[in-house]
Amino acid sequence: MWKFISYELKYWVKTPMLWIFLLIVTLLVFGAVSSEQITIGGGVGSVFKNAPSVVQSYYAVMSLICLLMTTAFMNASANRDFSSGMYQFVFTSPIKKHHYFFGKYIGAVMIAIIPLLGVSLGALLGPLMPWVQPERYGPVIWNGHLHGILAFAIPNTIIAGSLLYTLAVVFRNNIVSFIGAMLILVFYVVSQGFTSDLEKEWLANLLDPFGFAALSTLTKYKTIEEKNMTAALLEGQFLINRLVWTGLAIILLMAMYTRFSFTSKDRRGKKKRILNETESVELSQLDLDVKRFENNHPKNFSWSGFWHMIVFETKTITKNQVFIILVLIGLINLIASLTSFTGNYGASKYPVTYDVIDYIRGAFYLFLIGLITFYSGVLVWKERDAKISEIQDASPARSGMLFSSKLIAMLFSVLMVLICTIIVGVVAQTAYGYTRYELDVYAKSLLIMDMFAFGYLIVIALLFHYLINNRYIAYFAFVAFIIVNEFIWSLLEVNSKMLDFGSTPSVIYSDMNGFGPFVSGQIWFHSYWTLFSIIVCFIAYAFIVRGMETNFLYRLKHAGATLKKRMPMLSLFLILFVLCGGYVFYNTKVLNTFSSTKAYEQRQKEYELQYKQYENMAQPRWVKLDYHIDIYPYERDLYVSIDALAVNKSAEEIRELHFNLPSVYNAQIDRDTMLIEIPNATLTLDDKRLAYRIYTLEQPLAPGDSLPVKMRTVKLTKGFENQVRFTELTQNGTFFNNFDVMPTLGYARRKEITNKNKREKMELPKRLRLPFLDESDTASRANTYISADSDWVEVTTTISTSDDQIAVAPGSLVKEWEDDGRKYFEYHLDKNSLNFYSFISARYEVAREKWNDIDLEVYYIKAHAYNVPNMLNSMRKSLEYYTENFGPYFHKQCRIIEFPRYSSFAQAFPGTMPYGEGVGFITDLRNVSEDDIDVVFYIVAHEMAHQYWAHQLIGANMRGSEMMSESFAQYSALMVMEKEFGRDKMKKFLKYEMNGYLSGRSGEFEAERPLMETENQGYIHYQKGSVVMYYLKEMIGEENFNRILAQLLEEWAYQEPPYPTSLSAVRAFRNHTPDSLQYLIDDLLEHITLYNNRVLEADYQKVGDEYEVTIKTYSEKFRADSLGKQSEIPLHDFIDIGVFAETKNKKLLGEPLVYQRLKITDKENTFRFRVSEKPYHAGIDPYNYLIDRLPDDNVKKVSEK
Amino acid sequence: MQLSITNLNKRYSNGVLALDDVSLHIEKGMFGLLGPNGAGKSSLMRTLATLQEADSGSASLGDIDVLKQKDAVRKVLGYLPQEFGVYPRTSAHDLLHHLAVLKGFNDKKERSEMVDYLLNKVNLFEHRKKAVSSYSGGMRQRFGIAQCLIGSPKLVIVDEPTAGLDPGERNRFYNILSEIGEQVIVILSTHIVQDVRELCTQMAIMDHGKVLFSGSTDDALTQIKGKVWEKSVEKAELKSYQEQYKVISNKLVGGKPQIHVFSEMPMNSGFQPAEESLEDVFFAKIHNLV
């Protein structure tokens, strides 16, 4: 057998292919390790760029990318003897079948692993480069390389290799191998679909043939420290996955080996049956004359002939089995991804059409690009492959017709595939019982916009094939073109979509707003690219190969002549293209502007360098604002004027007013559209580029004095943009907040670059995300973390919009009237609030209800009425709980207002809660099972809670303040939910929260903070917040907990600065927590604490009528530092021990037979209980209240001794 | 209508001189183009079939400038390349229809009538539903002829059509070809002397891109009449004979080499006069003996 292995090795070592593949892999990984621009499978964050876990994950990703290479090796090894005809010699020589079969296999597998070793090469070389930042790298840790090879490189090559090798040996058909490779990919993609649902995670772990899913499950709670130190070891589901798939691969190999034989090989010969005539033709039978058929239409062109050609070419594609199989695989992939519409917390969503379209794009488009790549070559080379080209070329058929019939055939085929996907989409929607199909949205998205985009690709693919006239180079050139086109423009910092081939401004379809603001840009950019493609068609056509003259220079000369002949037509299109291009340029570059991310960041940097000096300068603060807003939704125009009053609340005189202009302001085009009028003040600095102004007052503003300021701004939409911006202002669903239109006073820290690595690269000093938690830092306590130029402000608004829309501003509606075909509304805020509110206008349906004099309102669109009653219910229940437990609600209304899905969030403003259309309005709550979470109810309760936590009690601009807004809001929502749905429902919710926290800290970019110091860290203040607050409530009691919150409100609600810090809250908890539980405040709020609780053994013995249960447990407690480095600390904790009866629900525990909160001080403990019912489960911290990275081993089935 | 070729030259990019000052004059009827492999026959045919350019020289078919007015040539051309394939899984009927569309027969009824007639003509009508790729060599060549005849061409070019056909198939093929030859110009290139002998009255011999002879087959034979002598020799003697005489050819007859020798003078010492054949003309020409 060795001679076959060594033959394969020697053969491949001499081929350039192997070394090219190795080079490609090495370069990719080298690039990812040594630069910031290249990423493989997502960035690495704060982990060292050569950390063992990173190297291992590169092995994982590369083993997927190398699937193509593996296919090449396996196919070539398996088929070489056949394609070269050598098999007749090989098989007739005295060799053993298994030597041949396995020898070649082993040789090919060994070779296929070699390119993957480029991962190690790249990862070792990268850090040695002179340009890298040394602090981003750790020492070389070999176990990353080892486990990458052991867990991915070898098994994945064996898995893919076995399948591909056996397919190649048995079917001897490239196409079958290709399909095999696709199948593996489909398995992978399907399994990825299950990862978002915690309940189905195990399925993903098992189904993924490459083992990614299992790896990410295994590592998702790993801290940075751990990721820097070790790779994931083969254990648990990861090990099972690797064993199962490798085992399957080997079984397949064995099974196919039995089918393999030297004799029945030449399937092609078998298949082919040569016809042979029996009759002989006598000369005398034939007419002596050959009848003449003259062509009566010497023009050579007719539509019917053209149509015949198109049909003929289209059939070539669609009747081909590869096409059919590829489309089928794509459809299966699509159907698999359509089987679940899962949003947050595992909740289902209605399959709205735009979502289905996104699924189609995700599941199918790679296949379509593959089809275009493959079939452009097939069609162009069809005649030459069939060796019929000489006949065709010598016929009088026009080259133009030959070319365009191929082009149209490609377009047709893609169109047919797209229509199939739409049918699948509609069927899927029907299967969900959803019947609002919106065929026009399907057609516009897929059959028009996407179809055009595919058309451009087809034209370019044909161009490459005709121009290059070498199929493989042309394939390569096309793929390289797509890839280069994908990144080159951002690398060159060219952001114009006029250069990025085939690109158009991105479009987000919204149920509320349709294609809204994107339409005109789409039309013009598509016209531009279509004209461009037509010109490309002329070139491709001119280079068409007719006859034997394939020399490029000859064809170039000939092409010149052809183009000259077509000049009238061509110049017409050239003129149209130039005109269209000019118009697009005028709209995107002259009427509007755009800047690259780089340029934007450069401005951020300059802003910081230039104006940070003013950060702590005393500025007056807004106290009263009167808005006059006119929205012209259909023109996308906006006129805002604000009469504001500012007061000098500081102790010093103020001479200068510093203004940051809002995001609607764009100096380059909207010259002087921001007017600021201040009595007796002169504009002393007007930095248009950085949008900063300084006005100097003639008379300094004395402490306590007030100053009226008038501000006017206009946002007009002119033409179309390179990329539609400010979608906040739109046809149906205008939704912007005061920061969008109103200048802020003083230096704005929020404009600084925040990313740690980026700052380092741009040579900016290290920046704190938020100031340290320090009660004596009065400067930071002078502001909330929301705004820096005001405290509690009085707001009145007069807002107008078109007559078919409703406009909403903060507060109560005082007046409503119509004038000149427009609707006017006047709103007054009932209670002075934070200077943070929104203005909204759309065609709404309104659902109204009253709860104790408070208006409950939901503004929504007709198609999204599903959850409106639920929202009203949640508002009502929230108000009940909050007013009873926390304190009064100060507004006269609670509004939930739907806005288009250009943003996807729900946000709380005073009395008003805008809620994105994709977030809760289309959540499907029809089949909520007993452990499902009602996300809609939850989010409303959370936003309602913000009316207290943020809009009454708001923390200083300092670490930890978000705990008082977000963690308290999470707690409040949990309590409302618990009251509505019962305790059991909380478990799934908390499970997701725990998961979110643990994986969030694993991806932390800078440093994990304890809860009371959270700084812009959602996974801490939302998710850890839920877990911790709920547990704290469990320990100190709901009533006690709520009293603490109520007292905090009493002390701090609507208070002028200094604003409270999280220390006030921590103190309040301390004061109301019994001595025995004081440790909880340390553990939960002040430090990062983790547990490792586990049941070692659990058994029972029947004693008379009763059962004696013995539980052996193991517990550890850790403190973690900001990088996740753990150190053990002694236990002195109350932990729950429970014994549970049998239950039918697999996801929940049964009735507790014993449930005790016991003080645990030892690591190993043994507990004995007597229970009257047969025990089923036993556990330590069975409900997972404590933070534990392995929550599943807390409970164990009880066995009989 | 006649085809005249004047001083045609073509050199390939690899330096091979494919056509070296080729001039021919071809009238209606079968014209045989004889030459060994690589003589330039196919280059000439392809040039005439508009598939290849010439470096210099001219060719005209009646009023048509073959080198410049390609479209005009294509309209009156029937071309059967040396090697041709077909689309997989496509029946003769469908393929012929397709090719007829390429030749501009857009009217469906007219086209169907012609396709059926042609299939009948070449005796493939009963096999018309079968894939052409499953045809035997002879059937496939007859299909090739059928497609040649679409639209009643005035110039038919068939390049090495009989290679690989068994004798029966070859005969059938000749029958069809000869019929066509009665009406239009048919150029038949071949390296098989017998083909020309049986079918053509006019012929040319080519080698290394040059025309070594052109004229009627009878003229050709006259050139060597009485000047070819044959003798059976031992294998060992072969070399010395080749040095001594102008050996036209040697072949095995009954396992023993038989040589043909060119000599203006009568020969003795065991040489017998050989019956003059085109084959001898062919070899004599390419060995530059005449």
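**Exercise 1. Is Glu1039(A) buried or exposed, and which residue does Glu1039(A) bridge to?**

Step 1: With a relative accessible area of 63%, Glu1039(A) is exposed (buried means under 20% relative accessible area, exposed over 50%, partly exposed in between, with a 1.4 Å probe and protein chains only).

Step 2: Its salt-bridge partner is Arg1043(A), with 3.8 Å between the closest N and O atoms. A salt bridge is a side-chain nitrogen of Lys or Arg within 4 Å of a carboxyl oxygen of Asp or Glu.

Step 3: Arg1043(A) is partly exposed, at 41% relative accessibility.

Step 4: Both residues sit in helix H35 (residues 1038-1052) of chain A, four residues apart, about one turn of the helix. Helices (H or I, at least four residues) and strands (E, at least two) are DSSP runs, numbered from the N terminus.

A note before you go on: this is a predicted model, where local features need pLDDT of at least 70 and side-chain atom pairs count only at pLDDT 80 or more. Residues are numbered from 1 along each chain as its sequence is written, and side-chain values use heavy atoms, without hydrogens and water.

**Exercise 2. Find which residue Asp791(A) meets in a salt bridge, and why the pair ties together separate parts of the sequence**.

Step 1: The partner is Arg621(A), at 2.9 Å from N to O.

Step 2: Asp791(A) belongs to strand E10 (residues 790-802) and Arg621(A) to strand E1 (residues 621-632), both of chain A, so the pair ties together parts that are 170 residues apart in sequence.

Step 3: Now check accessibility: Asp791(A) and Arg621(A) are both buried.

Notes
Chains lettered and ligands numbered in written order.
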